[in-house]
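Subject: Structure handover

Hello,

Here is the structure I said I would pass on. My notes on what was found in it follow below.

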Amino acid sequence: MSIRTVDDLLVEGVSGRRVLVRADLNVPLDKQTGDITDDGRIRAVLPTLGALVEAGAKVIVCSHLGRPKGAPDPAFSLRPVAGRLGELLGAEVRFAEDTVGDSARSTVDALADGQVAVLENLRFNAGETSKEEAERGAFADQLAALADAYVDDAFGAVHRKHASVYDVPARLPHVAGRLVLREVEVLSTLTGNPERPYVVVLGGSKVSDKLAVIEALLPTVDRLLIGGGMCFTFLRAQGHEVGTSLLEKEMVETCRNLMEGAPGKILLPVDVVAADAFAPDAAHDTVRADGIPSHRLGLDIGPETVAGFAAVLSQAKTIFWNGPMGVFEMPAFAGGTRGVAEAITKADAFSVVGGGDSAAAVRVLGLDESSFGHISTGGGASLEYLEGKTLPGIAALEN
């Protein structure tokens with residue numbers, strides 16, 4: 001991969017130059033208070049921002065947050081993110097009330113060397129996500145006009161063909177940030193020649209969401225451990241009843257074909273935690289995976305499954321984990337995710353956590369992040385990279 005880096009830009013000199021940094025600051029917010037509940041994505045971009053600040057650049061940070069409908073929505077404002085970024089940088093971070101309007105232009109014009117500004121949510125502008133190239137291009141023109149150079153450090157967005165990711169790099173000198181470079185470097189080891197045994201742990205709710213990555217990984221992995229809601233479609237494919245558990249009936253035959261096509265590679269739960277209802281205080285107990293009562297639904301993998309998965313993981317030399325093993329947000333159904341995560345940290349292996357809910361689980365459960373080899377910031381982007389897809393944001397940096 002031939003991509004210029006932010007360090008190349010620093011060598012050329014950025015003092016006094018306006019540098020637009022596309023970050024992924026799409027952090028979770030408390031619905032009641034609006035407070036940031038996990039600042040991991042903000043911290044992930046600090047190495048790039050800190051280097052630019054120290055070199056005297058005028059740093060302009062842009063990002064999306066949530067899914068506003070192409071118009072301003074106070075619930076998705078980046079103002080609290082700008083505040084938290086200032087705390088982490090230990091310096092004032094200015095905030096523009098719009099993305100490419102009068103406030104953005106005046107805020108950028110007022111920046112001194114080494115100062116940082118955050119623009120309002122990119123997705124408050126319909127041009128950011130438009131499928132019409134002309135509309136996207138017009139918005140990219142306005143963004144590019146604010147800066148002299150562009151840095152993409154938003155790995156969580158590189159799989160999107162959006163204006164700030166795909167079109168702006170064509171309009172400015174462009175480089176990859178340190179986070180993007182690290183993500184690509186790590187994921188390349190998984191698609192190249194990983195040290196074996198190579199074990200993948202997949203969870204989450206739906207087989208359909210992970211089908212492409214399962215098909216891409218099965219020929220290369222030594223074992224594939226399946227948990228989360230998606231395991232019940234596989235269990236049904238084995239002929240087991242799954243009660244009222246999450247089930248994709250249209251995927252049952254696909255799961256059967258996957259297992260038959262890779263005999264012995266796919267390992268499924270042997271026991272599950274089954275509950276009367278999807279609720280944190282629901283009555284529950286552990287049952288055999290082939291004996292889930294008709295009125296109950298599985299919400300976590302059971303302790304025997306955790307022990308079996310841990311035994312496989314203990315022999316691994318490379319591990320990729322994407323997706324929780326159960327409804328980890330509810331303490332009663334977090335044991336499977338915690339147990340598997342702890343087994344990963346104990347393995348003498350290079351481990352990669354594939355972003356999204358898996359990364360959130362690491363933090364919610366209070367696990368030591370440094371115990372994992374790498375925690376990705378891009379759930380969807382990580383999976384698409386492993387599937388072998390061309391990521392628009394990476395392609396734009398290569399041009």
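How many nonpolar, polar and charged residues are there in the lining of the second largest pocket? By class, the lining has four nonpolar, four polar and five charged residues. Please keep in mind throughout that this is a predicted model.

Pocket and cavity

The volume of the second largest pocket is about 230 Å³. Its lining is made up of 13 residues, and those nearest the pocket centre are Gly40, Ala44, Arg363, Glu369 and Ile375.

Rolling a probe the size of a water molecule over the atoms shows where empty space is left. For cavities of 30 Å³ or more, a search of the whole structure returns one. The largest cavity holds about 30 Å³ of space. The residues that line this cavity are Ala23, Asp24, Leu25, Arg41, Val45, Asp153, Ala154, Phe155, Leu179 and Thr377. Sorted by class, the cavity lining has six nonpolar residues, one polar and three charged.

Salt bridges

Side chains of opposite charge can pair when their charged atoms come close. Over the whole structure, the search finds 24 salt bridges. Three of them are described here.

Asp38 and Arg363 form a salt bridge through their side chains, at 3.2 Å from N to O. Because Asp38 is in the loop between β1 (18–23) and α2 while Arg363 is in helix α14 (residues 356–364), this pair ties together parts that are 325 residues apart in sequence. Asp38 counts as buried, with a relative accessibility of 15%. Arg363 has a relative accessibility of 26% and counts as partly exposed. Arg363 is also one of the residues nearest the centre of the second largest pocket.

Asp39 pairs with Arg84 in a salt bridge between their side chains, at 2.8 Å from N to O. Asp39 belongs to the loop between β1 and α2 and Arg84 to helix α4 (residues 79–89), so this bridge ties together parts that are 45 residues apart in sequence. Asp39 has a relative accessibility of 13% and counts as buried, whereas Arg84, at 26%, counts as partly exposed.

Both pairs belong to a network of salt bridges that links Asp38, Asp39, Arg43, Arg84, Glu87, Arg363 and Glu369. Glu369, like Arg363, is among the residues nearest the centre of the second largest pocket.

At 52% relative accessibility Glu241 counts as exposed, and at 23% Arg236 counts as partly exposed.

A buried arginine

What is the nearest side chain of opposite charge to Arg123, and how far away is it? Glu128 is that side chain, at 5.4 Å. Arg123 is buried yet has no salt bridge; the cut-off for a salt bridge is 4 Å between a side-chain nitrogen of Lys or Arg and a carboxyl oxygen of Asp or Glu. Arg123 is in the loop between β4 (116–118) and α6 (133–144). A polar atom of the Arg123 side chain lies 3.1 Å from the backbone oxygen of Gly66.

Other local points

Most residues other than glycine have a negative phi, and most peptide bonds are trans. The bond from Arg196 to Pro197 is cis, with omega near 5 degrees. Pro197 is in the loop between α8 and β7 (198–202).

Thr233 is part of helix α10 (residues 231–237). Is Thr233 buried or exposed? With a relative accessibility of 2%, Thr233 counts as buried. A polar atom of the Thr233 side chain lies 3.1 Å from the backbone nitrogen of Glu248.

Val100 is in the loop between β3 (93–95) and α5 (102–109), and at 9% relative accessibility Val100 counts as buried. From Val100 to Gly227 the C-alpha to C-alpha distance is 44 Å, and the two are 127 residues apart in sequence.

Regards

Conventions:
Residues numbered from 1 in each chain as written. Predicted model: local features only at pLDDT ≥ 70, side-chain atom pairs only at ≥ 80, totals over all residues. Heavy atoms only, no water. 1 Å grid on protein atoms, 1.4 Å probe; cavity = no way out; pocket = protein on both sides within 12 Å on 5 of 7 lines; lining within 4 Å. Points joined across faces, edges and corners; volume = space filled by probe spheres on them. Nonpolar A, V, L, I, M, F, W, Y, C, P; charged D, E, K, R; others polar. Helix = DSSP H or I, 4+ residues; strand = E, 2+ residues; numbered from the N terminus. Buried < 20%, exposed > 50% of the residue type's maximum accessible area, 1.4 Å probe, protein only. Lys, Arg positive; Asp, Glu negative; His and termini not counted. Polar contact = N/O pair within 3.5 Å; in protein donor to acceptor, adjacent residues only side chain to side chain.
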